[in-house]
Amino acid sequence: MMKCLLASAVLIPMIGTVNAQSSVTLAGIVDGGIGFRTGASANNSTQWAFQSGAIQTSQIVFSGKEDLGGGYSAYFYLASGFLLGNGAYTNARLPASSGTYIFDRGAWVGLRGSFGSVQLGRNYTPFVDVLYRSDASGYANFASLSNTIYQNLSGITGAQYTWSNNAVKYLSPTFGGLSAELMQSLGGVAGDFSAGRVRSAAIFYNYGPFALDGGYLDANDPGGTSDDKLVARAFTLSAVYTGERFKVGINATNFKNPVLDTNQTFYSIGGTYHLSPVNDIVADYTFLADKVANRDGSFVKLGLHHYLSKLTDLYAEGAIARNHSKGTVGIASVFPSSPGINQTGLMVGVRHSF
C-alpha cells in the first residue's frame, strides 16, 4: 500500500506536466551608446559618457504561461535590468547596501480567465501603463514622458512610480474598446494597513485609430518616516492617434506632494513618423508648469532611428532643456538638471531585441 502511495505521489505530478499546455520564453533588450551633455553638473560642466540603455534599459526577461483548460491560464513574468557598460544589475536604482534586486524590472505570477487577469508581485503600476501607452515617440530613457516620473518633486522615486512591490493588480477584459486596471500594494506592517501603501488605477478607451487613457496613483511614505503620510498623488490624461505612417500623442500629468505642498503639471506632445520602411523620426516637447515662481522648465527632442532589421536599430537623438532660475528639468530621464542649469545633449547607439 505504501509503495502504491509513493508511486502515485511521483506519477500524478508527471501526468499533469505531460497534459499541460505550457511554454517558457526568454527575451530581452540590449542597448548601448555614447552620450554628450552640457550642464551635467551644478557648475555647468560638459560630459562625454558611455550610455548603458540610452533609449531602453538593457534587460533579460523570462516569461511563461500554462493553459489550465476552460479558458483559464496561469502565467509569470520575471525581468532583470543590467548596465551594459559593466554588467552590473540596475538594482531597482538602489545602492548595493540596500541588497541585491535580481528581478527589479518586474516579477509577478498571474491567473487569466473570462474575468480578466490578476497579478501578484512587483507589478507595473496602472499609472505608468498609461504613460507608456501615451508616449507616441517611444517611452525612452532620453527626453520623453519617462522624464516626468523621475523629475517631479513628489515623495517617491521614478522607479516607485513604475513598479510597486507586494502588489495585487487586476486587469479587466475589454468591453467595446473600454478596459481598466486596479492595483493595491500591501505594506505588511502589523496594525497599520496604510503603511507604505501604493494605490493606482487606470482606464483605457480605444476607438479605431483613437485612444483616450487616464490614470491615478497615490503613495504613502514608503520609508515609514512621515507617519504614513501621503507623499505622492498623481493624475495623468492622454489622447493618441495612430495613422498609417505616423503616431501622435498629447499628455498632461500632475504631481503633488501633500507633505511639501508641491504642485507640478507636465504638458507633452510627441510623435513618430515612419519616413520609410527602415527609418523613423521621433520628436517630443514637454513643458513643466510649477506653482512656485521660476521653477518652470521645458525640453524638446528630435531623433532618427534606422532599422537594420526588425530587431536591431541604430539611433541618434538630440535634445535641449531650458530652465527658469529654479527649474531642474533635464534631458536624461533619471538625471534632472541642477537648479537653473540648461542642458543640450546627443545620444547615439545601437539597440537589439531578442
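1. E181 is buried, because its relative accessible area is 5%. Buried means under 20%, exposed over 50% and partly exposed in between, with a 1.4 Å probe and protein chains only. This is a predicted model, so local features need pLDDT of at least 70 and side-chain atom pairs pLDDT 80 or more, while totals for chains, interfaces and linings use all residues. Numbering runs from 1 along each chain as its sequence is written, and side-chain values use heavy atoms, with hydrogens and water left out.

2. What does E181 pair with? E181 forms a salt bridge with K169, and the closest N and O atoms are 3.6 Å apart. A salt bridge here is a side-chain nitrogen of Lys or Arg within 4 Å of a carboxyl oxygen of Asp or Glu. Helices (H or I, at least four residues) and strands (E, at least two) are DSSP runs numbered from the N terminus. K169 is buried too, at 3% relative accessibility.

3. The structure holds 7 salt bridges in total. A second one joins E317 to K301, with the closest N and O atoms 3.3 Å apart. This pair also links distant parts of the chain: E317 lies in strand β16 (residues 312-323) and K301 in strand β15 (residues 297-307), 16 residues apart. Both ends are covered. E317 counts as buried because its relative accessibility is 1%, and K301 counts as buried at 2%.

4. Strand β16 also supplies D313 to a pair with R351 in strand β17 (residues 343-353), and these two residues of distant parts of the chain are 38 residues apart. R351 and D313 form a salt bridge in which the closest N and O atoms are 3.0 Å apart. R351 is buried at 12% relative accessibility. D313 is buried as well, with a relative accessible area of 2%. Elsewhere, salt bridges with shared partners join D129, K169 and E181 into one network.

5. How many cavities of 30 Å³ or more are there? The count comes to 1. A cavity is a set of points on a 1 Å grid, over the protein atoms alone, where a 1.4 Å probe fits but cannot get out, and lining residues have an atom within 4 Å of a point. Points are joined across faces, edges and corners, and the volume is the space filled by probe spheres set on them. The largest cavity holds about 40 Å³ of space.

6. Which residues line the largest cavity? They are S134, D135, A136, L145, G249, I250, N251, S268, I269, G270 and D284. By class, the lining has 4 nonpolar, 5 polar and 2 charged residues. Here Ala, Val, Leu, Ile, Met, Phe, Trp, Tyr, Cys and Pro count as nonpolar, Asp, Glu, Lys and Arg as charged, and the others, including Gly, as polar. Strands β12 and β13 each supply at least two lining residues.

7. S134 deserves a separate look. It is found in helix α2 (residues 126-134). S134 is buried, because its relative accessible area is 2%. S134 and L212 are 78 residues apart in sequence, yet 8.7 Å apart in space, C-alpha to C-alpha.

8. The surface carries a nonpolar patch of F246, V248, I250, I269, Y273, L275, Y285, V300 and I320, with about 740 Å² of accessible area together. Patch residues have over 30% relative accessible area and no salt bridge; nonpolar side chains (Val, Leu, Ile, Met, Phe, Trp, Tyr) are joined within 5 Å, like charges within 9 Å. Areas come from the Shrake-Rupley method with a 1.4 Å probe, and for residues only the protein chains shown count as cover. Strands β12 (246-257) and β13 (262-276) each supply at least two patch residues. Among the members, Y273 lies in strand β13. Y273 counts as partly exposed, because its relative accessibility is 36%.

9. Check the backbone at N91 and A92. Most residues other than glycine have a negative phi. N91 is not a glycine, and its phi is positive, near 55°. A92 also has a positive phi, about 55°, and is not a glycine. N91 lies in the loop between β4 (72-81) and β5 (107-113). A92 lies in the loop between β4 and β5. N91 is buried at 8% relative accessibility, and A92 is buried with a relative accessible area of 11%.

Technical notes: 1 Å grid on protein atoms, 1.4 Å probe; cavity = no way out; pocket = protein on both sides within 12 Å on 5 of 7 lines; lining within 4 Å.
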